[in-house]
Amino acid sequence: MSPRRVLITGVGSHLGSLLAARLEREPEFERIVGLDVRPPRMSLARTELIEADIRDPGIGDVIARAGVDTVVHDGIVRQPRPGMSERAMHDINVIGSLQLLSACEQAPTVRAIVIRGSAGIYGAEPQAPQFFGEEMTRLFPPRTRFQRDVAEIEDYFENYSRRHPGVACTMLRCQPSIGASLDTQIGRYLAQPTCPTYLGFDPRIQLLHEDDALEALVAAVRRPERGAVNVAARGTIGLARMIRLAGRPSLPIPGPLFGPVTGAARRLGVGSYSDDFRRLLRYGRAVDTARLEERLGHRPRYSTAAAVEDWVTRVRGRVRSAA
Amino acid sequence: MTDEAGMQAALAFMRRLRTGLDAGLELPEALTRGAVALPRDARQTVQRVLRRLEGDYTEDEWGFDEEFTDLVEPLFGFLYDRWWRVNVEGARAVPAHGRALLVANHAGILPWDATMISMALLREHPLPRHPRFLVLDWAFDLPWISVFVRRVGGVVASPYNALRLLEQDKLVAVFPEGVRGTGKPFKERYRLRRFGRGGFVEIALRAGAPIVPVAVVGSEEIYPKLGDIPPLARLIGAPFFPVTPTFPWLGPLGVVPLPSRWRIEFCEPIETASYGPEAAGDRAVVLELSERVRETVQQALYGNLVRRGPAFV
C-alpha cells in the first residue's frame, strides 16, 4: 500500500493524542497532521501540529495544502467541558463537522474520512430492541439535543458520501468510553461518593474500553469502510452491578424527582449529567457489534464487565477476580 | 416438627446476628456469622445474596440473571404446586437444545402464564432450560417490574430481539395475541384472538426454528376481567385498566391471582426449516402457518378445558 497521509482533528483530546502517537510508530503513515485549538496530551515526535478551530473556514486551505488522503474527525464533544456552553458544544459539533466536510470537498487528495461519532444517535428507550443494528437509527424520534446534533452530522456525512462515491466514509458509532486515563461522564459518575439511580430501574449498560476505542479507530484508519459501524465492548452490564463493582453505594431517586435532585446537586457543584446520560441511567442501551468484527476486523478485547473491572482495579487499586 | 425446627434456626440466626452487630462487626460480616446457625440451604442463600451485594454475579448480554431466577424460583414453585396445581402434558415435545419458538395463548392481565410455562419446563422436561420471553414493551417503562422481567429472561417484544435470540439457539416464547389476549373480557375466555399479521411465523421461518404450539388453561380465571376503565388506563399509560371481582376494590390484595386449576399442553413441533428463509416474505405461507398454529392451540385449549373439569376445585 502506498504511504498514507493522515489528518486528525481533536488531536488535543486524549484519544486523538493516542491515535497520533500510535500512527507515528507505523512507517506506513508518512505524514500525520494534528488539528486542534488545544495542545496534545503527550509529546508527539513527528506529528505536525496546526492550531486551528475546525469551525474556521480557513481549514479548507490547511487540508488542501497538507495533501492528506485520510481525515480522522475526533473533534465531536460529548459533554460540555467546564466553561463551555451547550450552544458552543452544538456549534463545534455541527458547524465544525460541516466546515470540515466542506474543506474535504476542496481537497482532491482525500480518499477516506473516519468520524468518531456516537451511539447516542439511537437514543435510550424502554421499547428499544435489546441490540441496535446500524440500520436502526430512525426507530425513535430524537429526544435530546446531542442526539439531534449527532443525527445532523450523520445526515451531512451521508450526503457527502453519496456525492463522493470514491471516498470511503466511515462513521463509528461509539458507546460511552471508560478508562482509567480518560475523563468521561461514566468515569466521573462511578467516582462519586454515591451514584444516583432511578428508583426501580436497573438498565443494561454497554461501554467501550479506552484501549478498544483506540484500536477500533486505528482499524478504521487502516481499512476504511463505507457506512456506519457500531463500536462497543462485548456484552452488557446491569447498572446496579456496575455500581456495586465500583464499590459505591447507589442512591435511588424516584423518577420525577431525579431531574430536580441532580439539578440541585449540579448547582452545588457535585456532578452533572447530560440529558443523554440521564436517559441512559434510566433505560440503558446496547448495540450489535457484528459489523465491527466482520468489516473492520476488530474484536474488542474487553467485555463491558471486564472494562468496568479494569477501571475499578486501576482507579481504586481494588483487585477483584475478573468475571 | 419441621416448622418448630425452622423457627429455632431463625431465632438462633437472629441472636447471632445481634451478637455480631453488638460486637461492632459490619453488617455483611455479622450476617455471614449469623448464617452459621441456619440449615445448609438457607445458609447458602444468605451467602449468595451477600455475594450479589458485592456485584459478584453475572448477567448475560440480554440482562438474564440465572442465579436471580433460581433465587425467586421457590415463589413460582409455590404457585405452580399449591396455588394453581399445574398439570403438564407433552413437555418432551420441546426440543432439548437448539433454537425453537414456543407460541402460546395469552391471558390473565399479568404475565403469570409465562412464568408457569417456564416452571413447567423446569419440572417436567428431561433437559430443562430457561425460555426467553417476548414481553409487551409497556413493562419496560415500569419501575421494578422492568428489572424483574429482564432478570428472569424477558425481552422487549421486538422482531429484532426474537431473531437474535433464535440465532443464538435459544428457546423463545411468544404470545402472538399480545395485549389483545391479556385484555379480553372474561366472557370471551379461551377464544383465541387474531395472531397479528403472523410476525412470529416470519421470524421462525427466517431463523429456521421449529414452532411449538402451547396451550395454557387456567390463566383466564386468575383475574376474571369484568370491565375496563379507559380514562384511568390513559392516565397511567397502560393498555387497559382492568376491573375484576377483586381489583381495584381490595387495593393491592386485588393483585393476588385466584387459585384456578391449570393445565399446560406442549403440542407437537411444527417444522419450518424446509420452507427456507425466503419463505418469510411469502404472505401465503406465513398466514397459512400462522393459522395452523392458531388452530392447534385453540383445539388443545378446548381439549384441556374438558379434561380439567371445574375451574377452581
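User: At what angle do helix 7 and helix 9 of chain B pack, and how far apart are their axes?

Analyst: Note at the outset that this is a predicted model. Two packed helices are described by the angle between their axes and the distance between the axes. Here helix 7 (residues 159-167) of chain B packs on helix 9 (residues 199-207) of chain B at about 30 degrees, and their axes lie 10 Å apart. The crossing of these two helices of chain B is right-handed.

User: Which residues of helix 7 of chain B meet which residues of helix 9 of chain B?

Analyst: From helix 7 of chain B come Pro159(B), Ala162(B), Leu163(B), Leu166(B) and Glu167(B). Facing them in helix 9 of chain B are Gly199(B), Ile203(B), Arg206(B) and Ala207(B). By class, this contact has 6 nonpolar, 1 polar and 2 charged residues.

User: What does chain B look like as a whole, in domains and secondary structure?

Analyst: The domain assignment gives chain B a domain 1 (2-53) and a domain 2 (66-222 + 257-308). Taken over C-alpha atoms, the centres of these two domains of chain B are 39 Å apart. The secondary structure of chain B consists of 11 helices and 9 strands. Its C-alpha trace spans about 75 × 45 × 40 Å along the principal axes. Chain B has 313 residues, of which 38% count as buried. Among contacts in chain B with a separation of 6 or more, 70% are between residues 24 or more positions apart.

User: Now a single residue. Why does Ile32(A) count as buried?

Analyst: Ile32(A) counts as buried because it has 28 C-beta neighbours inside 10 Å, where the cut-off is 20 or more. Ile32(A) is part of strand 2 (residues 29-36) of chain A.

User: Which residues does Ile32(A) touch, leaving out those up to four places away in sequence?

Analyst: They are Val6(A), Ile8(A), Ala20(A), Leu23(A), Glu24(A), Arg46(A) and Thr47(A). Arg46(A) is 14 residues from Ile32(A) along the chain, and their C-alpha atoms are separated by 7.3 Å.

Conventions
Residues numbered from 1 in each chain as written. Chains lettered and ligands numbered in written order. Predicted model: local features only at pLDDT ≥ 70, side-chain atom pairs only at ≥ 80, totals over all residues. Axes fitted to C-alpha atoms, helices over the stretch in contact; angles between N-to-C directions. Helix = DSSP H or I, 4+ residues; strand = E, 2+ residues; numbered from the N terminus. Left-handed = near helix turned anticlockwise from the far one by under 90°. Contact = placed C-beta atoms within 7 Å. Nonpolar A, V, L, I, M, F, W, Y, C, P; charged D, E, K, R; others polar. Domains from an automatic or database assignment. Buried ≥ 20, exposed ≤ 12 C-beta atoms within 10 Å, placed from the backbone.
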